[in-house]
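Hi everyone, thanks for coming along.

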Amino acid sequence: MKSTFAVRTMRAGELELALEWARQEGWNPGVDDAPAFWEADPSGFLVGAIGEVPVGCISVVRYGEAFAFLGLYILHPELRGRGYGKQLWNKGMMLAGNRTVGLDGVVAQQENYRRHGFETAYRTLRYGGIPKVPDVDEQQARQVMPVTDNKLDGLVHYDAEIFPGLRHSFIRAWCGAPERRASFIVGGGSRVRGYGTIRRCFEGYKIGPLFANKPEVALALLSRLLAQAKGAPVYLDVPADNAHAIKLAEDCGLSPVFETARMYRGKAPEVPLDRVFAVTTLELG
């Protein structure tokens, strides 16, 4: 009997496979992204399989009752054009329910997403290259501290002021794993003024998120983050509407290498882009 295509929730270990597919697509995910991604919404990752063989995936991670983010939409190249991708898409969108759904769409797919009801909110430019670590005023530099367990509560509340959905479990996993990523914060408690994370990827490093109340705070954080790369290539995804963020990336010797658009189906959330100097990830928002 011929096996049929079916979509189901991912099992333990299959998210690593999906991220390997993302690497093969050239998306350059982090080498240790899976554990923190899983914490965001364990039932938000779907796999399409023929029999027991996974051949495609999609994620629709739900952040609270009002917002979800779609990513990791991949189908094996030899199986495209058979309707399998549509089945993945439909199952993923069912997970979102009535939530506003966000995604970061590559240029070639943006018209397709528009046909599915998504509208562009802003462009995102990936800046990359071998960075120049900027000099920072000594007083500013002293305010940048590693994220420790006692700073996570304040960091989580700060993140909720900027990101359009509640992602407490994800942020605790993302920033509370110093063996996988280096995370730094300015301020603490109810007075957090910015934070950022750098992680090792299959090629070089990525910085994300980089959130800060003011450009000088972002500069101090970025200087500390870039120093962790020790001369390796670094990439960050910058909202094109944040002119200070663009200038900061260019001042560090980075250049645009890739473009996406943040798109939403449903009412677009109000995101303070002047505080977003790099988005967290293109997969989870």
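**Cavities, a pocket and some backbone**

Nine nonpolar, two polar and one charged residues make up the lining of the largest cavity, where Ala, Val, Leu, Ile, Met, Phe, Trp, Tyr, Cys and Pro count as nonpolar, Asp, Glu, Lys and Arg as charged, and the others, Gly among them, as polar. Before I go on, this is a predicted model: local features need pLDDT of at least 70, side-chain atom pairs count only at pLDDT 80 or more, and totals for chains, interfaces and linings use all residues. Residues are numbered from 1 along each chain as its sequence is written, and side-chain values use heavy atoms, with hydrogens and water left out.

You'll want the rules for the spaces. On a 1 Å grid over the protein atoms alone, a cavity is a set of points where a 1.4 Å probe fits but cannot get out; a pocket is an open set with protein on both sides within 12 Å along at least five of seven lines; and lining residues have an atom within 4 Å of a point. Points are joined across faces, edges and corners, and a volume is the space filled by probe spheres set on them.

That gives two cavities of 30 Å³ or more. The largest cavity has a volume of about 80 Å³, and its lining includes Tyr 122, Phe 163, Phe 211, Arg 262 and Val 279.

The second largest cavity holds about 40 Å³. Among its lining residues are Arg 199, Lys 206, Tyr 235, Asp 237 and Val 279. By class, that lining has five nonpolar, two polar and three charged residues. Which element gives the most to it? That is β11, with three residues; β10 (205–212) and β11 (234–239) each supply at least two. Helices here (H or I, at least four residues) and strands (E, at least two) are DSSP runs, numbered from the N terminus.

Now the open space. The largest pocket has about 730 Å³. Of its 29 lining residues, Trp 27, Tyr 73, Ile 74, Gln 109 and Tyr 113 lie nearest its centre. Two or more residues each come from β4 (67–75), α3 (84–96), β5 (100–106), α4 (110–115) and β12 (255–265), and β4 gives the most, with six. The lining divides into 13 nonpolar, eight polar and eight charged residues.

On to the helix pair. The axes of α6 (residues 152–162) and α7 (residues 168–175) come within 10 Å and cross at roughly 125°; axes are lines fitted to C-alpha atoms, for helices over the stretch in contact, and angles run from 0 to 180 degrees between N-to-C directions. α6 and α7 are therefore oblique to each other, since angles under 35 degrees count as roughly parallel, over 145 as roughly antiparallel, 65 to 115 as roughly perpendicular and the rest as oblique. In contact (heavy atoms within 4.5 Å), Leu 152, Asp 153, Leu 155, Val 156 and Asp 159 in α6 meet His 168, Ile 171, Arg 172 and Cys 175 in α7.

Last, the backbone. Most residues other than glycine have a negative phi, and most peptide bonds are trans. The bond from Gly 208 to Pro 209 is cis, with omega near 0°, and Pro 209 is found in strand β10. Asn 28 is not a glycine, but has a positive phi of about 55°; Asn 28 sits in the loop between α1 (14–24) and α2 (34–40).
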